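This report asks to be read beside the structure.

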Amino acid sequence: MRVLGISGSLRRDSYNSGLLRAAADVLPSGVELEVFDGLKAIPPYDADDDVEPAPAAVTALREAVAAADAVLVATPEYNASIPGVLKNALDWVSRPHATNPLRGKPAAVVGASTGMFGAVWAQAEMRKVLSTIGARVVDMELPVPEGAERFDASGTLVDAEVREQLGEVTAALVEAAEIRAAGLAARAAA
Ligand SMILES: Cc1cc2nc3c(=O)[nH]c(=O)nc-3n(C[C@H](O)[C@H](O)[C@H](O)COP(=O)(O)O)c2cc1C
(Lines give C-alpha, C1' and ligand atoms only; values in the text may rest on other atoms or scores of the structure.)
Protein backbone atom coordinates (compact mmCIF):
# COMPACT_ATOMS: atom_id res chain seq x y z
CA MET A 1 0.00 0.00 0.00
CA ARG A 2 1.22 3.50 -0.88
CA VAL A 3 0.44 6.75 0.88
CA LEU A 4 1.27 10.03 -0.85
CA GLY A 5 2.41 12.76 1.54
CA ILE A 6 1.94 16.39 0.56
CA SER A 7 3.43 19.15 2.71
CA GLY A 8 1.94 22.61 2.27
CA SER A 9 5.23 24.24 3.23
CA LEU A 10 8.12 24.86 0.85
CA ARG A 11 10.44 25.80 3.74
CA ARG A 12 13.60 23.65 3.98
CA ASP A 13 13.28 22.91 7.70
CA SER A 14 9.48 22.86 7.65
CA TYR A 15 7.70 21.37 10.66
CA ASN A 16 4.98 20.08 8.36
CA SER A 17 7.45 18.28 6.13
CA GLY A 18 8.91 16.91 9.38
CA LEU A 19 5.48 15.57 10.28
CA LEU A 20 5.42 13.64 7.00
CA ARG A 21 8.88 12.17 7.65
CA ALA A 22 7.70 11.10 11.09
CA ALA A 23 4.55 9.60 9.54
CA ALA A 24 6.75 7.39 7.36
CA ASP A 25 8.29 5.98 10.57
CA VAL A 26 4.99 5.18 12.28
CA LEU A 27 3.14 3.66 9.34
CA PRO A 28 2.51 -0.08 9.63
CA SER A 29 4.99 -2.34 7.85
CA GLY A 30 4.03 -2.89 4.26
CA VAL A 31 2.78 0.68 3.89
CA GLU A 32 5.11 3.08 2.06
CA LEU A 33 4.97 6.85 2.23
CA GLU A 34 6.14 8.78 -0.80
CA VAL A 35 6.49 12.53 -0.25
CA PHE A 36 5.57 14.71 -3.23
CA ASP A 37 8.39 17.20 -3.73
CA GLY A 38 7.18 19.13 -6.77
CA LEU A 39 4.81 21.65 -5.20
CA LYS A 40 7.01 24.67 -5.98
CA ALA A 41 7.07 23.86 -9.70
CA ILE A 42 3.29 23.87 -10.10
CA PRO A 43 2.19 26.97 -12.04
CA PRO A 44 -0.69 29.20 -10.98
CA TYR A 45 -3.99 27.62 -12.02
CA ASP A 46 -5.24 29.02 -15.31
CA ALA A 47 -8.20 27.32 -16.98
CA ASP A 48 -6.71 28.27 -20.36
CA ASP A 49 -3.65 26.14 -19.52
CA ASP A 50 -5.79 23.29 -18.16
CA VAL A 51 -5.66 21.30 -21.39
CA GLU A 52 -3.92 18.11 -22.51
CA PRO A 53 -1.04 17.79 -22.14
CA ALA A 54 -1.10 19.51 -18.76
CA PRO A 55 2.03 21.27 -17.48
CA ALA A 56 4.59 18.60 -16.52
CA ALA A 57 4.56 19.50 -12.83
CA VAL A 58 0.77 19.15 -12.75
CA THR A 59 0.89 15.79 -14.50
CA ALA A 60 3.46 14.62 -11.94
CA LEU A 61 1.14 15.49 -9.08
CA ARG A 62 -1.97 14.05 -10.73
CA GLU A 63 -0.11 10.80 -11.45
CA ALA A 64 1.30 10.62 -7.91
CA VAL A 65 -2.20 11.02 -6.46
CA ALA A 66 -3.62 8.45 -8.88
CA ALA A 67 -0.92 5.92 -7.98
CA ALA A 68 -1.45 6.29 -4.23
CA ASP A 69 -3.96 4.36 -2.13
CA ALA A 70 -4.33 7.30 0.25
CA VAL A 71 -3.14 10.87 0.71
CA LEU A 72 -1.76 12.51 3.86
CA VAL A 73 -1.63 16.30 3.82
CA ALA A 74 0.44 18.23 6.38
CA THR A 75 -0.53 21.87 6.25
CA PRO A 76 0.81 24.99 7.91
CA GLU A 77 -1.62 27.78 8.70
CA TYR A 78 -1.16 31.01 6.76
CA ASN A 79 -3.44 33.82 7.87
CA ALA A 80 -5.99 31.41 9.32
CA SER A 81 -6.15 29.29 6.16
CA ILE A 82 -4.12 26.98 3.97
CA PRO A 83 -1.07 28.19 2.02
CA GLY A 84 -1.81 29.40 -1.51
CA VAL A 85 0.67 26.97 -3.10
CA LEU A 86 -1.17 24.02 -1.58
CA LYS A 87 -4.63 25.25 -2.58
CA ASN A 88 -3.35 26.01 -6.08
CA ALA A 89 -1.93 22.50 -6.48
CA LEU A 90 -5.18 20.90 -5.34
CA ASP A 91 -7.17 23.13 -7.68
CA TRP A 92 -5.18 21.60 -10.56
CA VAL A 93 -5.73 18.07 -9.24
CA SER A 94 -9.47 18.71 -8.87
CA ARG A 95 -10.04 19.11 -12.63
CA PRO A 96 -11.90 17.60 -14.36
CA HIS A 97 -14.10 17.30 -11.28
CA ALA A 98 -15.89 14.06 -12.22
CA THR A 99 -12.73 12.06 -12.89
CA ASN A 100 -10.12 13.73 -10.71
CA PRO A 101 -7.72 11.29 -8.98
CA LEU A 102 -8.74 12.41 -5.48
CA ARG A 103 -12.33 11.31 -6.05
CA GLY A 104 -13.12 8.53 -3.57
CA LYS A 105 -9.53 8.49 -2.29
CA PRO A 106 -9.01 8.27 1.48
CA ALA A 107 -7.23 11.36 2.81
CA ALA A 108 -6.14 12.65 6.20
CA VAL A 109 -4.93 16.05 7.34
CA VAL A 110 -2.42 17.03 10.02
CA GLY A 111 -0.78 20.36 10.68
CA ALA A 112 1.91 22.15 12.65
CA SER A 113 2.35 25.83 13.44
CA THR A 114 4.54 28.06 15.53
CA GLY A 115 1.48 29.39 17.36
CA MET A 116 -0.63 28.00 20.17
CA PHE A 117 -3.35 26.30 18.14
CA GLY A 118 -1.52 23.95 15.79
CA ALA A 119 -3.02 25.02 12.48
CA VAL A 120 -6.54 23.91 13.42
CA TRP A 121 -8.20 26.40 11.08
CA ALA A 122 -5.97 25.39 8.19
CA GLN A 123 -6.70 21.73 8.86
CA ALA A 124 -10.46 22.40 8.88
CA GLU A 125 -10.16 24.31 5.60
CA MET A 126 -8.04 21.54 4.10
CA ARG A 127 -10.62 18.91 5.06
CA LYS A 128 -13.33 21.07 3.47
CA VAL A 129 -11.35 21.48 0.23
CA LEU A 130 -10.49 17.77 0.01
CA SER A 131 -14.13 16.80 0.66
CA THR A 132 -15.30 19.22 -2.02
CA ILE A 133 -12.88 17.64 -4.49
CA GLY A 134 -14.34 14.25 -3.64
CA ALA A 135 -11.80 12.65 -1.30
CA ARG A 136 -12.99 10.54 1.64
CA VAL A 137 -11.53 12.56 4.45
CA VAL A 138 -10.73 10.88 7.75
CA ASP A 139 -12.62 12.74 10.49
CA MET A 140 -9.59 13.38 12.69
CA GLU A 141 -7.20 16.27 13.20
CA LEU A 142 -3.72 16.51 14.62
CA PRO A 143 -2.95 20.01 15.82
CA VAL A 144 0.76 20.42 16.56
CA PRO A 145 1.22 23.82 18.24
CA GLU A 146 4.47 25.59 19.17
CA GLY A 147 6.57 23.80 16.58
CA ALA A 148 9.86 25.02 18.00
CA GLU A 149 9.25 22.86 21.07
CA ARG A 150 8.29 19.73 19.16
CA PHE A 151 10.81 19.71 16.31
CA ASP A 152 14.57 20.14 16.30
CA ALA A 153 16.38 22.76 14.18
CA SER A 154 16.23 20.61 11.04
CA GLY A 155 12.51 19.95 11.39
CA THR A 156 12.69 16.45 12.87
CA LEU A 157 9.83 15.59 15.23
CA VAL A 158 11.12 15.00 18.75
CA ASP A 159 7.82 14.87 20.68
CA ALA A 160 6.76 11.35 21.65
CA GLU A 161 3.13 12.26 22.28
CA VAL A 162 2.73 13.85 18.84
CA ARG A 163 4.43 10.80 17.30
CA GLU A 164 1.85 8.57 19.01
CA GLN A 165 -1.05 10.75 17.83
CA LEU A 166 0.40 10.69 14.32
CA GLY A 167 0.33 6.90 14.54
CA GLU A 168 -3.39 7.04 15.35
CA VAL A 169 -4.20 9.32 12.41
CA THR A 170 -2.13 7.29 9.95
CA ALA A 171 -3.64 4.04 11.23
CA ALA A 172 -7.14 5.42 10.57
CA LEU A 173 -6.02 6.49 7.09
CA VAL A 174 -4.58 3.07 6.28
CA GLU A 175 -7.76 1.40 7.57
CA ALA A 176 -9.88 3.62 5.28
CA ALA A 177 -7.60 2.74 2.35
CA GLU A 178 -7.88 -0.99 3.12
CA ILE A 179 -11.69 -0.76 3.23
CA ARG A 180 -11.71 1.06 -0.09
CA ALA A 181 -9.31 -1.43 -1.69
CA ALA A 182 -11.51 -4.33 -0.52
CA GLY A 183 -14.58 -2.60 -1.98
CA LEU A 184 -12.85 -2.00 -5.31
CA ALA A 185 -11.66 -5.62 -5.44
CA ALA A 186 -15.15 -6.93 -4.68
CA ARG A 187 -16.62 -4.71 -7.40
CA ALA A 188 -14.01 -5.89 -9.91
CA ALA A 189 -14.75 -9.53 -9.09
CA ALA A 190 -18.54 -9.12 -9.41
C1 LIG B 1 2.32 34.18 5.59
C2 LIG B 1 2.25 33.51 6.92
C3 LIG B 1 1.08 33.53 7.65
C4 LIG B 1 1.00 32.86 8.88
N5 LIG B 1 -0.21 32.82 9.53
C6 LIG B 1 -0.33 32.04 10.62
C7 LIG B 1 -1.61 31.84 11.23
O8 LIG B 1 -2.62 32.37 10.78
N9 LIG B 1 -1.69 31.02 12.31
C10 LIG B 1 -0.58 30.38 12.82
O11 LIG B 1 -0.70 29.64 13.79
N12 LIG B 1 0.64 30.56 12.27
C13 LIG B 1 0.79 31.36 11.18
N14 LIG B 1 2.01 31.50 10.59
C15 LIG B 1 3.19 30.87 11.20
C16 LIG B 1 3.32 29.42 10.77
O17 LIG B 1 2.61 28.63 11.67
C18 LIG B 1 4.80 29.01 10.80
O19 LIG B 1 5.51 29.78 9.84
C20 LIG B 1 5.00 27.53 10.57
O21 LIG B 1 6.26 27.17 10.99
C22 LIG B 1 4.83 27.16 9.12
O23 LIG B 1 4.97 25.79 8.93
P24 LIG B 1 6.32 25.11 8.40
O25 LIG B 1 7.26 25.02 9.59
O26 LIG B 1 5.87 23.75 7.94
O27 LIG B 1 6.90 25.95 7.32
C28 LIG B 1 2.12 32.20 9.39
C29 LIG B 1 3.32 32.19 8.65
C30 LIG B 1 3.39 32.82 7.43
C31 LIG B 1 4.68 32.76 6.63
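The sections below take these topics in turn.

## Basis of the values

The structure is a predicted model, in which local features need pLDDT of at least 70, side-chain atom pairs count only at pLDDT 80 or more, and totals for chains, interfaces and linings use all residues. Residues are numbered from 1 along each chain as its sequence is written, and side-chain values use heavy atoms, with hydrogens and water left out.

## Aromatic pairs

A search of the whole structure gives 2 aromatic pairs. Rings of Phe, Tyr and Trp (its six-membered ring) pair if their centres lie within 6.5 Å; planes under 30 degrees apart count as stacked, over 60 as edge-to-face and the rest as tilted. Y15 and F151 form a stacked pair, with 4.9 Å centre to centre and 25 degrees between the planes. Y15 belongs to helix α1 (residues 15–26) and F151 to the loop between α5 (147–150) and α6 (160–189), so this pair ties together parts that are 136 residues apart in sequence. Helices (H or I, at least four residues) and strands (E, at least two) are DSSP runs, numbered from the N terminus. Both Y15 and F151 are buried; buried means under 20% relative accessible area, exposed over 50%, and partly exposed in between (1.4 Å probe, protein chains only).

Y45 and W92 form an edge-to-face pair, at 4.7 Å centre to centre and 65 degrees between the planes. Y45 lies in the loop between β2 (32–35) and α2 (56–67), and W92 in helix α3 (residues 84–93), so the pair ties together parts that are 47 residues apart in sequence. Y45 counts as partly exposed because its relative accessibility is 31%, whereas W92, at 1%, counts as buried.

## Ligand surroundings

The residues around the ligand are S9, R11, S14, Y15, N16, P76, E77, Y78, N79, A80, S113 and T114, where near means that a heavy atom of the residue lies within 4 Å. By class, this shell has 4 nonpolar, 6 polar and 2 charged residues. Ala, Val, Leu, Ile, Met, Phe, Trp, Tyr, Cys and Pro count as nonpolar, Asp, Glu, Lys and Arg as charged, and the others, Gly among them, as polar. Within the shell, R11 lies over the face of Y15, 5.1 Å from the ring centre (CZ of Arg or NZ of Lys within 6 Å of the ring centre and within 35 degrees of the ring normal).

An oxygen atom of the ligand lies 2.6 Å from a polar side-chain atom of S14. A polar backbone atom of Y15 is 2.9 Å from an oxygen atom of the ligand, and a polar side-chain atom of E77 is 3.2 Å from a ligand nitrogen atom. On its own the ligand has 620 Å² of accessible area, of which the protein covers 69% (Shrake-Rupley method, 1.4 Å probe).

## Loop residues and backbone geometry

N79 is in the loop between β3 (70–74) and α3 and, at 80% relative accessibility, counts as exposed. A80 lies in the loop between β3 and α3, is partly exposed at 32% relative accessibility, and has a positive phi of about 65 degrees although it is not a glycine. E146, in the loop between β6 (143–144) and α5, has a phi near 45 degrees, also positive in a residue other than glycine.

The peptide bond from E52 to P53 is cis, with omega near -5 degrees; P53 is in the loop between β2 and α2. A cis peptide bond also joins R95 and P96, with omega about -10 degrees, and P96 lies in the loop between α3 and β4 (106–112).

Definitions and conventions
A polar contact is a pair of N or O atoms within 3.5 Å; within protein, one must be able to donate a hydrogen and the other to accept it, and residues adjacent in sequence count only if both atoms are side-chain atoms.
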